[in-house]
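We will go from one selection to the next.

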Amino acid sequence: MQDKIRIAFFDTKPYDRLSFDAIKERYHVEIVYFETRLTPASAKLAEGFDAVCAFVNDDLCAETIHTLEALNVRLIAMRCAGFNNVDLAAACHRMKVVRVPKYSPYAVAEYTIGLLLCLNRHLHRAFCRIRENNFSINGFMGFDLHGKTFGIIGTGKIGLTFAQILGGFGVRILASDPFPNEKAAAELKMEYVPFETLYRESDVISLHCPLTPENHHMICSDTIGQMKTGVFILNTSRGKLIDTSDLIEALKSGKVGGAGLDVYEEEADYFFEDRSDRWINDDVLARLMTFPNVLITSHQAFFTREAVNNIAEITMDNIRDFQEGRELVNDVCFHCDGTRPCCHAKENTATSNPETSGSSASR
Ligand code: NAI
């Protein structure tokens, strides 16, 4: 019988271990969990392993990949959709990279709605007030979503699921995506418009596109300047899509009326960690946290039972396919630039719907 494939899991939390331990007996694998993130310094922990399994804030830069190659690691299995933290050029021809392109667009889309409802109606503040026996509702006035214009940036699996949910709120939906999905737009009564129009006309803007070199800081003083005064911005995609310093200036001036952020551009040192016994050294994050109209969460939009179970299953299937020399259906390669469906993908985002698609770069 073939040897077990040895996998070093990095940046693991108790919930990762639970979900993978629950299914690992079905696979011919040996797993070792490390709590540390995968970085150039920690990469040597992968000695003796065939594969590494990594997550969103692991640092798979060229140096890490060269160390992994020297240790004979042959596979990087991302237990997430995104691969913006993997230097694909460095990995090319050295090792395979696989990921989980779709595990639950509902988890993230539903969470985005939750962020907005909480932020707009001040539920997070009301919860705290009531616990202090303060039953005043001063300062908690929100706005009806009904009749408002929503701008969705990125209409892949999550963006379209978000649009589907919005259908129940009686809103107008605008969208921008370099690969418009006109069929879905017709079904969802969503209108594709140029970015300038989306910025100009939207009351709420929600980001659902991958981070690529081209859209780094796409939300900045210039684009915020084109938006309506009081616009709400939601980001459950990637922190670096927003220039946080520019967002802070816009919050201070009132140009931005609220921000719901599940991601932050320098999140790696803070998100997912209990740092309650330490102060915050990141002054930008600290300033952002002072705004009553900013709701920050710690990259948890994906975190549902269904999503976590799917991530474990698909990650293990990817590893088994590699082990058995089968076609890697969730392979990513150097030629995927994150802005268009992967050259290995079976379906095309531009013609797919949230039920069936599986395509380019993501979480
Ligand atoms: P997807 O690959 O299905 O769709 C992405 C869409 O964005 C595609 O239609 C693509 O054409 C479009 N796009 C690419 N570049 C764009 C640009 N510059 N402007 C506008 N649109 C652009 O990806 P999916 O699964 O819908 O994920 C979307 C985002 O959600 C990803 O960035 C991912 O990182 C994030 N995510 C966050 C999670 C969380 O827990 N907060 C969990 C899962 C994903």
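Start in helix 7 (residues 182–188), where lysine 183 and glutamate 187 sit four residues apart, so about one helical turn separates them. Helices here are DSSP runs of H or I with at least four residues, strands are E runs of at least two, and both are numbered from the N terminus. Show both side chains. They meet in a salt bridge, 3.6 Å from N to O. The term means a side-chain nitrogen of Lys or Arg within 4 Å of a carboxyl oxygen of Asp or Glu. Lysine 183 is exposed at 58% relative accessible area, and glutamate 187 is exposed at 53%. The classes are buried (under 20% relative accessible area), exposed (over 50%) and partly exposed (in between), using a 1.4 Å probe and protein chains only.

Before moving on, note what you are looking at. This is a predicted model, in which local features need pLDDT of at least 70 and side-chain atom pairs count only at pLDDT 80 or more, while totals for chains, interfaces and linings use all residues. Residues are numbered from 1 along each chain as its sequence is written, and side-chain values use heavy atoms, with hydrogens and water left out.

Next, select arginine 6 and glutamate 30. Their side chains form a salt bridge at 3.3 Å, N to O. Arginine 6 belongs to strand 1 (residues 5–9) and glutamate 30 to strand 2 (residues 29–33), so this pair ties together parts 24 residues apart in sequence. Arginine 6 is partly exposed, at 25% relative accessible area. Glutamate 30 is partly exposed too, at 36%.

Now go to helix 12 (residues 305–323). Pick aspartate 317 and arginine 320, which are three residues apart there and separated by about one helical turn. Within it, the closest N and O atoms of aspartate 317 and arginine 320 are 3.4 Å apart. Aspartate 317 is partly exposed at 24%, and arginine 320 is partly exposed at 24%.

How many salt bridges does a search of the whole structure find? It finds 20.

Last stop: the cysteines. How many disulfides does the search find? The count is zero, where a disulfide needs a pair of cysteine sulfur atoms within 2.5 Å. Select cysteine 209. Its nearest cysteine sulfur belongs to cysteine 220, 13 Å away. Cysteine 209 is buried, at 14% relative accessibility. Finish on cysteine 92, which is partly exposed at 22%.
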